[in-house]
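Please keep the structure open while reading.

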Amino acid sequence: MILDDFRKITMLDWLESDLALTVNHCEPASSDASFRRYFRITLPDQQLIVMDAPPDKENIGQFIKVAELLRLTNVNVPAIYHQNLDDGFLVLEDFGSHSFLDKLNTDNATTLYSRALDSLLMLQTNTDINTCALPHYDEALLQRELGIFEDWFIKQSLNIEIPAAIWNNVCNILVKSALEQPITCVHRDYHSRNLMVLQDNSVGIIDFQDAVIGPITYDLVSLLRDCYIALPQDQIVQWTAQHYQKLKQANRIACDHPLFMRWFDLMGLQRHLKAIGIFSRLNLRDGKSGYLKDIPRTLNYVMAQARAYPELAEFHDFLQRHVLPKFPYQHPESQ
């Protein structure tokens, strides 16, 4: 807490002394699962967001690089007004406080998700992946992310072991499926908490600093099988099919629809296993227990896909026998 307070004092001193801004009010805007914090500052004539990203823990240069890249694709990301790379502060355009998760209802869902899918299509079709110099979502990264589930959820949260043969089979299937897909620019966290509803009801995109070049279904499944909100299955099927057709028309994919859906399902399984591991790690390592409430929804996705594919039957049986009985939160399938 003392260190956090010192960083806030340093931030305000930079804003007022170095930038000569008159800060009438400063309040927390949000925090996330990383070490970044965000403050909303009120000036005499406007409000802005200040990112606090400790340089020893966060790569603020990567945020700037990806913001510039995404702006070239015409998606809506916050403008960067001032930079302090030494101390780890950025002054950003304020996209407001209303995320998809806050504003979504039955009346606006179609409009909001149509705009989010349009923005995703721009990102996937307007990025020159050969020159953007983003890291690749390679086998090592995919395996490392899957390891988060085994380590932090299976071993540390539940104190059980998954048989190596079962786990190796899961990893091999998911990694192979991911690597055989066409590649594109991948936001990596394209979901309801990182899509902002702006005053004109357009979509603002945040939290993009971990972008990579990777599987074309990744952001689509992140959006439609969201860890924080469950969309109706028939709507997911419809929007996925529509996006598939648009990607095909843009010559970004050449596969048939059943193969695309297999990629979509297995990419979602990889992402959801990683997310469950991260939620567990946030609880055990960082004391952020609030993320535990998102595990049942995410585990429900995992169970559904493990059940849908015969080659994952042993994994589904393991989860059914050993994970669900030990998991301390009610599983959505039993509600």
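In this predicted model, the charged end of arginine 193 sits over the ring of tyrosine 228, 3.9 Å from the ring centre. Arginine 188 does likewise with tyrosine 137: its charged end is 5.1 Å from the centre of that ring.

Now the ring pairs. Aromatic pairs count when the ring centres lie within 6.5 Å. By this rule there are 11 aromatic pairs. Two of them are set out here.

| Pair | Centre to centre | Angle between planes | Arrangement |
|---|---|---|---|
| Phenylalanine 100 and tyrosine 113 | 5.6 Å | 75° | edge-to-face |
| Tyrosine 137 and tyrosine 218 | 5.3 Å | 50° | tilted |

Why is the pair of phenylalanine 100 and tyrosine 113 edge-to-face? The planes of phenylalanine 100 and tyrosine 113 stand at 75°, and angles over 60 degrees count as edge-to-face. Phenylalanine 100 belongs to helix α3 (residues 100–103) and tyrosine 113 to helix α4 (residues 109–126), so this pair ties together parts 13 residues apart in sequence. Both phenylalanine 100 and tyrosine 113 are buried.

Tyrosine 137 sits in the loop between α4 and α5 (139–157), while tyrosine 218 is in helix α7 (residues 218–224). The pair therefore ties together parts that are 81 residues apart in sequence. Are these two tyrosines buried or exposed? Buried means under 20% relative accessible area. Tyrosine 137 has 4%, so it is buried. Tyrosine 218 has 0%, so it counts as buried too.

One aromatic cluster is formed by Phe149, Phe153, Trp167 and Phe315.

Definitions and conventions. Residues are numbered from 1 along each chain as its sequence is written. This is a predicted model: local features need pLDDT of at least 70, side-chain atom pairs count only at pLDDT 80 or more; totals for chains, interfaces and linings use all residues. Side-chain values use heavy atoms; hydrogens and water are left out. Rings of Phe, Tyr and Trp (its six-membered ring) pair if their centres lie within 6.5 Å; planes under 30 degrees apart count as stacked, over 60 as edge-to-face and the rest as tilted. Helices (H or I, at least four residues) and strands (E, at least two) are DSSP runs, numbered from the N terminus. Buried means under 20% relative accessible area, exposed over 50%, partly exposed in between (1.4 Å probe, protein chains only). A charge sits over a ring if NZ of Lys or CZ of Arg is within 6 Å of the ring centre and within 35 degrees of the ring normal.
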